[in-house]
Amino acid sequence: MDSAELRRVLKDAGLSKYQSQAYTSLLRLGTASATELAGESGVPAARIYDVLRDLEDRGYVETYDGDSLRARASDPAEVLDDLRKRSEEFSAAADEIETRWESPALDHHHVDIVKRFDTVFEHASEAIADAKTEVQVAVTPAEFRRLRTSLKSAHDNGAIVKASIHTDGDADIGDLVAEYEGVVTEVRHRTLPTPFVAIVDRTTTCFSPHHRSVNEYGVLVEDLSLTYVFRWYFDTSLWEVWEVVYDDRSDDPPRSYANLRRFVRDVDPMLSEGIDVDVTVEGSETGTGDDVTVSGSVVDLVYAGEPRPDGEIPIGQLAGQVTVVIDDGERRWSVGGWGAVIEDVEATRITVDAYDDSKRAGLEGIDV
């Protein structure tokens with residue numbers, strides 16, 4: 001490091017231009033009178049005495065009287081400690097700036113692009129742990145294990161937790177079954193490479209491409225409408241068509257749903273057989289946004305198209321309007337799913353409370 005560079009660094013450390021010039025010159029001279037130092041350093045003679053006093057106050061130099069005021073550089077231990085402390089502070093500040101740039105705070109209705117997968121994963125883990133309604137994740141077995149504590153917290157909060165675990169090819173994930181209980185509601189096995197996806201309580205999405213992607217990046221979403229798009233991607237590509245390997249829900253009531261369309265697909269065959277289905281819907285009134293709970297019997301299902309001969313409703317027929325009509329004994333309520341606008345209620349959870357057991361004959365195998 002040459003003298004000019006040293007002076008620049010000392011200025012960054014808090015010395016003035018004249019102070020850095022005087023100090024570096026004094027280091028070279030060892031000791032000098034004020035007049036000599038002014039000439040060697042380029043500090044104006046009228047300023048040199050003030051500069052030396054300020055340097056002495058900061059511990060950089062010592063002054064003493066000879067035939068005139070003289071100065072010498074102090075033992076540099078204190079100066080070195082100060083510079084090294086400043087270096088550590090600069091380094092810490094650089095790390096903090098990098099962290100804040102890569103992991104920005106999320107505001108409502110906000111989308112962020114981040115550079116590191118770890119940033120996406122950390123946001124997902126935090127959001128999942130606080131979930132109250134529903135969690136949907138697409139993960140590798142290793143990522144599932146890393147998220148297991150957060151998923152368990154969501155499950156303990158009462159959220160419905162769905163995990164699509166993907167492997168390259170037909171690798172067996174049976175060894176994970178012991179880890180599912182009390183952690184997830186349902187697990188499906190996808191045998192194709194898949195991005196990392198976490199969708200939490202309808203408002204938060206954390207997404208990162210599959211590790212084979214050319215570029216590593218992530219998307220963090222805090223927005224209801226955009227999260228709805230990711231939810232359809234999850235349902236159609238990562239969930240519906242893949243094998244169920246674990247389901248902790250009983251076939252008997254109560255049985256809860258966070259997805260109205262999944263509820264309709266399961267209950268429609270029962271209604272077609274004349275089975276009475278009693279439910280409780282938790283959600284909000286579409287006109288006011290106020291919380292509402294409705295209990296009663298399902299009397300109608302409205303959706304486009306017709307079921308297949310096997311009774312299954314193709315998911316494509318549920319892409320438009322889907323409405324459940326419930327009679328509570330006093331009035332009929334129309335219930336819609338995520339983003340409902342024309343129904344009375346937007347449902348966040350539907351629980352099958354009871355059905356008429358006497359009419360269940362021949363219904364074994366229906367996914368209820």
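**View 1. Helix 3 meets helix 4.** In this predicted model, the axes of helix 3 and helix 4 come within 9 Å and cross at roughly 110°. Helices here are DSSP runs of H or I with at least four residues, strands are E runs of at least two, and both are numbered from the N terminus. Axes are lines fitted to C-alpha atoms, for helices over the stretch in contact, with angles running from 0 to 180 degrees between N-to-C directions. Helix 3 brings Ala34, Thr35, Leu37 and Ala38 to the contact, and helix 4 brings Ala45, Ile48, Tyr49 and Leu52; contact means heavy atoms within 4.5 Å. Sorted by class, that's seven nonpolar, one polar and no charged residues. For the classes, Ala, Val, Leu, Ile, Met, Phe, Trp, Tyr, Cys and Pro are nonpolar, Asp, Glu, Lys and Arg are charged, and the others, Gly among them, are polar.

A note on the model: it is predicted, so local features need pLDDT of at least 70 and side-chain atom pairs count only at pLDDT 80 or more, while totals for chains, interfaces and linings use all residues. Residues are numbered from 1 along each chain as its sequence is written, and side-chain values use heavy atoms, with hydrogens and water left out.

**View 2. Helix 2 against helix 4.** Helix 2 (residues 17-29) and helix 4 (residues 45-57) have axes that come within 10 Å and cross at roughly 80°. Helix 2 is therefore roughly perpendicular to helix 4. Look for Tyr18, Gln19, Ala22 and Tyr23 on helix 2, facing Arg47, Ile48, Val51, Asp54 and Leu55 on helix 4. This contact has six nonpolar, one polar and two charged residues.

View 3. Three strands make an open, antiparallel sheet in the order 1-3-2; two strands pair if DSSP finds at least two bridges between them. Strand 1 (31-33) and strand 2 (61-65) sit at the edges with a single partner strand each, so one side of each has no neighbour in the sheet. From one strand to the next, the twist averages 25°. Strand 1 pairs with strand 3 (residues 69-73) in the antiparallel sense over three bridges, and Ser33 has Arg70 of strand 3 as its bridge partner. Helix 3 (residues 34-41) packs on this sheet, touching strand 1 and strand 3, and its direction makes about 105° with that of strand 1. Helix 4 packs on the sheet too, touching strand 2 and strand 3, with its direction at about 125° to that of strand 2.

View 4. Eight strands form an open sheet in the order 4-10-9-8-5-6-7-11, with mixed pairing. Strand 4 (110-114) and strand 11 (243-247) are the edge strands, each pairing on one side only. Here the twist averages 10° from one strand to the next. Strand 8 (residues 196-200) and strand 9 (residues 204-208) pair in the antiparallel sense over five bridges, and Val200 stands opposite Thr204 in strand 9. Helix 7 (residues 141-156) packs on the sheet against strand 5 (134-139), strand 6 and strand 8, its direction making about 175° with that of strand 5. Helix 8 packs on the sheet as well, touching strands that include strand 7 (186-190) and strand 10 (218-222), and its direction makes about 55° with that of strand 5.

**View 5. The largest cavity.** This cavity has a volume of about 90 Å³. On a 1 Å grid over the protein atoms alone, a cavity is a set of points where a 1.4 Å probe fits but cannot get out, a pocket is an open set with protein on both sides within 12 Å along at least five of seven lines, and lining residues have an atom within 4 Å of a point. Grid points are joined across faces, edges and corners, and a volume is the space filled by probe spheres set on the points. Helix 8 (224-239) and helix 9 (260-272) each supply at least two lining residues, and helix 8 gives the largest share, four residues. Among the lining residues are Arg202, Tyr228, Trp232, Asp235, Arg261 and Trp338. The whole lining has six nonpolar, two polar and four charged residues.

Technical notes
Angles under 35 degrees count as roughly parallel, over 145 as roughly antiparallel, 65 to 115 as roughly perpendicular and the rest as oblique.
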